[in-house]
Amino acid sequence: MEVEDCSYSTLRELESLTNLTALTLTKCSVDVIHCNLALPKLKRYSLQLGKSFTFHEHLISGIYERIMDLEVNSEITALGDWIGPMLRKSELVHSRGNGSNKVLTQLLDDGIFQNVRDLSLADCDSLTHLLKICQNNIPFPKLESLKVSRCHNLQYLFCLSFAAGSSSNSTLALPGDEEEEITPDRNIVQVIKFPNLYSLHLEYLKCFTHFCNDTVEGIEFPQLRIMKMCQFKSFWPTTSNTMLEGSSITNSNTLFDGKVCCPILEELEVTGTDSITALYSHQLPTNYFSKLESLTVYSFGKLRNLMSLSMARGVLNLRILKILDCPSMEEVIKVEEQQREGMTNEPLFPRLERLQLINLPKLEYFFPAALEFQFLRGMHIRRCPEMKTFVLESVSCPSEWLELYEDDSTTTLCSHQLSTGYFCKLVELRVSGYGKLRNLMTPSVARGALNLRLLLIEHCPSMEEVITEEEGVKMTNASLFPRLKNLYLKNLPKLGHFFLTKRALKFPIIKVVQIKRCPEMKTFVQGSVSNEQFFNSNVSCPALEWLELSKADSITALCCHQLPTDYFSNLEDLEVMNCAKLRNLMSPSVARGALNLRRLDIAHCPSMEEVITVEEQLGGGMTKEPLFPQLRTLDLYDLPKLGHFFLAKRAIEFPSLSDVTITYCSEMEAFIKQGSVSTPSLRMPMVDHCMSKYNMFEYDLNEVIHEGFKSKGQQASHNVADGIESEAKHGSTDGDESETGDALVRVRKGKQVLPDVSSNVDESEVKMAETGAVYDSEASGSLSHC
């Protein structure tokens with residue numbers, strides 16, 4: 001039986017169902033917890049009181065037959081008589097709120113969690129510890145999962161009734177705020193056992209320091225596979241703990257030693273404090289963590305290394321290693337001087353697949369000898385400024401993805417002596433924030449990157465070229481990055497070219513190229529003769545689909561006129577922005593080969609005079625084939641010198657063109673100069689924010705632009721005349737310029753132009769303001785004839 005939105009009165013009606021064996025109560029009101037319900041034959045039940053994010057998951061999973069998920073605040077003074085027996089029989093108990101200490105008290109049966117398998121406590125600041133342990137009893141014989149989170153006054157999990165080695169009585173605070181005086185018994189050995197615990201999570205516990213309040217002979221986790229603990233000092237207080245906290249003495253203080261037994265632990269995640277100086281004791285056996293698969297170490301202020309060489313040799317199944325925010329770490333694997341000569345060639349972490357090293361300011365290297373990672377798929381290194389090399393000798397690294405971030409000391413990514421197949425399995429490479437990196441790799445190493453599909457380089461102010469030529473090495477015809485699909489080059493102020501070579505370079509399957517804020521980049525691949533066309537005969541990208549060029553101030557032309565017609569045959573999206581020297585885009589022959597171009601966006605190119613430039617050698621012998629037969633969207637924005645799209649003495653057809661926006665192109669008199677244009681699919685064109693006056697089936701772009709140009713000229717003359725008259729009356733503050741009210745639209749010498757925008761202003765904000773059609777009455781009037 002299932003009851004939703006139940007209250008106290010609803011439960012009273014259920015008492016008549018004396019033979020009820022299964023019951024599910026969801027979204028219960030607070031008063032339910034006070035009632036007394038007698039259902040003697042109830043065997044399967046699920047009770048949800050308050051909000052829960054996992055209640056229905058547990059119901060669907062069917063793992064547990066008796067579930068209690070409670071939200072108990074501090075205003076609840078007592079639980080109903082029926083709650084206690086149900087809690088003690090429950091397999092899953094989740095409790096949230098400051099009243100959870102009452103739930104914990106009811107859950108205990110003679111100091112033992114008899115039936116609970118999954119216990120979760122959260123948001124209870126009244127707890128200082130969970131329960132009391134005495135005389136080697138096992139208070140949780142069936143417990144498989146324990147999670148405690150956001151209990152900010154919790155200091156430790158368990159209080160020991162017989163504190164070994166103690167010479168004085170102890171007073172312990174129980175969950176019910178009671179106090180009990182404990183008399184020590186030195187003859188009893190304390191060993192805490194969790195016979196079935198599978199998962200342990202201790203999270204967001206501000207005051208949590210130790211697992212136990214006093215020392216014990218050992219803690220055993222024979223079935224534990226997952227352990228996640230944050231702000232954890234040690235399993236129990238020791239003399240060294242006290243010394244570290246109360247003085248400046250820096251004795252070694254380890255987190256794991258021989259007293260803690262977890263032989264099949266698979267996942268370990270620990271967030272530490274400044275008191276831990278070593279994660280593991282050097283006296284631990286080599287196979288202590290032989291089953292460990294994932295290790296995350298975070299925020300250990302005094303941790304200088306992760307583990308010893310002998311310990312690392314026993315971690316045979318580690319697949320994921322993450323080390324973050326450890327400011328004192330100098331090396332990952334600690335090797336003593338006497339061990340360096342006798343080190344064997346066996347691989348460390350032979351199954352390692354993912355490695356992350358983040359914010360380790362003192363880390364110099366991972367390991368001081370040769371290494372081999374046979375299964376490494378990904379490596380992420382960020383903010384390790386002293387790490388000049390990964391290992392001191394050599395490393396075999398068949399990684400599939402490599403991410404390197406924020407390093408001001410590294411000048412070269414890899415040695416010129418690396419073998420060609422070094423990066424043969426690399427699929428993704430991202431390099432960002434390397435202040436002194438001048439190039440990425442040599443051609444020989446690049447030719448071996450046969451599987452590289454994504455290359456991103458950004459924020460490297462010293463990079464001059466991506467591939468650097470090797471002295472004395474003869475170039476071969478082998479292609480570079482034959483499977484590269486995505487290339488991103490951003491914020492590289494000194495980059496002149498991707499590669500300088502005397503041979504033609506082909507990227508057979510590259511689909512996406514994005515070049516942003518590379519002001520010195522004149523060409524993609526530089527040949528023996530210097531040129532300023534970005535694409536030339538030295539490079540071909542036959543599969544290119546998406547191209548963006550932004551703030552490439554040294555480019556004067558996108559491509560040279562001698563390129564084959566089908567050079568851009570697969571290009572679909574072309575965006576060119578903020579290219580200060582770009583005078584035109586491409587020749588008619590290349591344009592006719594762009595058979596799949598669907599979107600063309602050109603903006604903020606102050607030198608552009610025409611989009612398609614006439615080929616002198618063709619003269620009047622141009623073919624009648626349409627330009628950009630698939631072009632649907634055209635956006636021309638802030639091109640102050642653009643006079644026309646194309647100069648041709650014939651009719652030009654754009655059969656698919658449907659959306660045209662032309663804004664702030666003050667010199668544009670016609671779309672096709674000296675010829676005519678046919679746009680059978682065109683919808684309402686936008687010219688300086690104004691719709692065409694023509695019938696929707698009779699748009700002629702030449703006429704629309706010409707009318708707009710005349711209107712702007714007439715309005716400009718009118719404004720100049722008004723300005724002269726105003727100057728005669730009031731004097732002039734600017735001899736060459738008069739503003740038309742709004743700062744976004746100005747008239748200068750009879751032409752409508754944009755105001756100057758400094759480079760430190762966000763262009764997106766300027767564009768949003770400009771396209772918002774904010775005009776004064778005169779400015780809007782000047783466009784009303786369009």
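In what sense do strand S15 and S18 pair, and over how many bridges? Strand S15, residues 218-220, pairs with S18 in the parallel sense, over two bridges. Pairing here requires at least two bridges found by DSSP. Strands are DSSP runs of E, at least two residues, and helices are runs of H or I, at least four, all numbered from the N terminus.

A word on the source. This is a predicted model, where local features need pLDDT of at least 70 and side-chain atom pairs count only at pLDDT 80 or more, while totals for chains, interfaces and linings use all residues. Residues are numbered from 1 along each chain as its sequence is written, and side-chain values use heavy atoms, with hydrogens and water left out.

Back to the sheet. It is open, has three strands and runs S12-S15-S18 with parallel pairing. S12 (191-193) and S18 (260-261) are at the edges with a single partner strand each, so one side of each has no neighbour in the sheet. Look at Ile 219: its bridge partner in S18 is Val 260.

Next, another open sheet of three strands. The order is S32-S34-S37, and the pairing is parallel. Its edge strands, S32 (465-467) and S37 (525-526), each pair on one side only. S32 joins S34, residues 497-500, through two bridges in the parallel sense. There, Glu 465 stands opposite His 497.

Now the rings. The whole structure holds 18 aromatic pairs. Rings of Phe, Tyr and Trp (its six-membered ring) pair if their centres lie within 6.5 Å; planes under 30 degrees apart are stacked, over 60 edge-to-face, the rest tilted.

Take Phe 256 and Phe 289. They are edge-to-face, 5.5 Å centre to centre, with 90° between the planes. Phe 256 is in strand S17 (residues 254-256), and Phe 289 is in the loop between S20 (278-280) and S21 (294-298), 33 residues apart. Buried means under 20% relative accessible area, exposed over 50%, partly exposed in between, with a 1.4 Å probe and protein chains only. Phe 256 is buried at 0%. Phe 289 is buried too, at 2%.

Then Phe 535 and Tyr 567. This pair is also edge-to-face: 6.0 Å between centres, 65° between planes. Phe 535 lies in S38 (residues 533-535) and Tyr 567 in the loop between S41 (557-559) and S42 (573-577), so the pair ties together parts 32 residues apart in sequence. Both Phe 535 and Tyr 567 are buried.
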